[in-house]
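Hi there,

Here is the structure I promised to pass on. Have a look at it first, and my notes on its aromatic rings follow below.

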Amino acid sequence: MTVRIGICSTAHLHADSYAASLTDRSNAEFVGVTDVGDHIDNTRAKADEYGVDYLDPDELLAEADGVIVCSTNTDHAAWVERAADAGVDVLCEKPLAPTVTEAQKMVNICQKADINLGVAMPLRFSQPVRNAKTAMENGVLGELKFLSGTNRGQMPGGWFVDSEASGGGAVMDHSVHILDIVRWITGEEVQEIYAETDTRFHDISVEDVNLLSMTLTDGTEFVLDGSWSKPNEWDFWGDATLRLVGTEGVVSIDCFDQKIKQTRDTGAPGIQSVYWGSNPDEGLVADFVNAVAENRPPLKTGADAVNDVAVVEAAYESAERTESVAVETAETTAPTS
């Protein structure tokens, strides 16, 4: 079965990768892109780049079986509600929303409309992450005692550093990726968090540094650096790592370690790291396309993503109060298997 998929806004940097993945899938027809407001001109240009039509929002939603929302964070809710009104399944960029209240409202709207809502967490489709999950399920680590993760990248600029469009800085943008795979691998929630945030590397109005110290519901300690700390001239955009320490062993994940160094004197001179491993975005898009075809939820559901937002919200509260705070998560949004 071939399903028709569109992209709502190309404001997010990941839209290019999702568009390429849609184009490469034999069971998907990439029907076009749409947008509203300040990003229309950019999205029209992207339509030409992708080789698809630019359509008005209502026209795209009438044509599509599913849509991928790649707007600014604060516009996610409006796009999801549009899709729900049209009866169209949605894969929404992360985080689902800047606040728990808004995220839960989006979930409720989609449930009422009887459409499936997924959230773009591609690291679930990274082979090193999947290997670690298998090791955990098979008891290779014994009793888990400690986790340490990083998602350090370059500062993306644009609307990402405008709190009215993004809802926050590096905590909002980066922490949810590693947080999600920890919840997915362990089956535990974050119970308590202490956060340190600051702006150290760039002249911006949101935080570019964060260190989150967390305790999971089973007592395991988990620390995470999700800072925008890589220089603009760094040889690769960033990293996504996780180290799991247990009583019987240690597993280290490096999602983008499969790289080669490329050195050039001409063209774009300098040293770059070229990633040659499998593309997690392809797995993410494939799962969404198959979910639409099979009328099932994607692997990462909107309901599950509410608890990611709860941790981010608690992190900002902790940083403001300079003390640990409890994370209020919902039992009904336990991680999916």
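A charge counts as sitting over a ring if NZ of Lys or CZ of Arg is within 6 Å of the ring centre and within 35 degrees of the ring normal. By that rule, the charged end of K259 sits over the ring of F236, 4.9 Å from its centre. R82 likewise lies over the face of W79, at 5.5 Å from the ring centre. Please keep in mind that this is a predicted model.

Now to the rings themselves. There are five aromatic pairs in the structure. In one of them, F236 and W237 are tilted, with 5.7 Å from centre to centre and 35 degrees between the planes. F236 has a relative accessibility of 10%, so this residue counts as buried. W237, at a relative accessible area of 34%, is partly exposed.

What kind of pair do W237 and F256 form? Their planes stand at 75 degrees, with the ring centres 5.2 Å apart, so this pair is edge-to-face. F256 is buried, its relative accessible area being 12%.

W237 belongs to the loop between β9 (221–225) and β10 (241–246), while F256 belongs to the loop between β11 (250–254) and β12 (259–264), so their pair ties together parts that are 19 residues apart in sequence.

Finally, ring pairs join F236, W237, F256 and Y275 into a cluster.

Best wishes

How values were computed: Residues are numbered from 1 along each chain as its sequence is written. This is a predicted model: local features need pLDDT of at least 70, side-chain atom pairs count only at pLDDT 80 or more; totals for chains, interfaces and linings use all residues. Side-chain values use heavy atoms; hydrogens and water are left out. Rings of Phe, Tyr and Trp (its six-membered ring) pair if their centres lie within 6.5 Å; planes under 30 degrees apart count as stacked, over 60 as edge-to-face and the rest as tilted. Buried means under 20% relative accessible area, exposed over 50%, partly exposed in between (1.4 Å probe, protein chains only). Helices (H or I, at least four residues) and strands (E, at least two) are DSSP runs, numbered from the N terminus.
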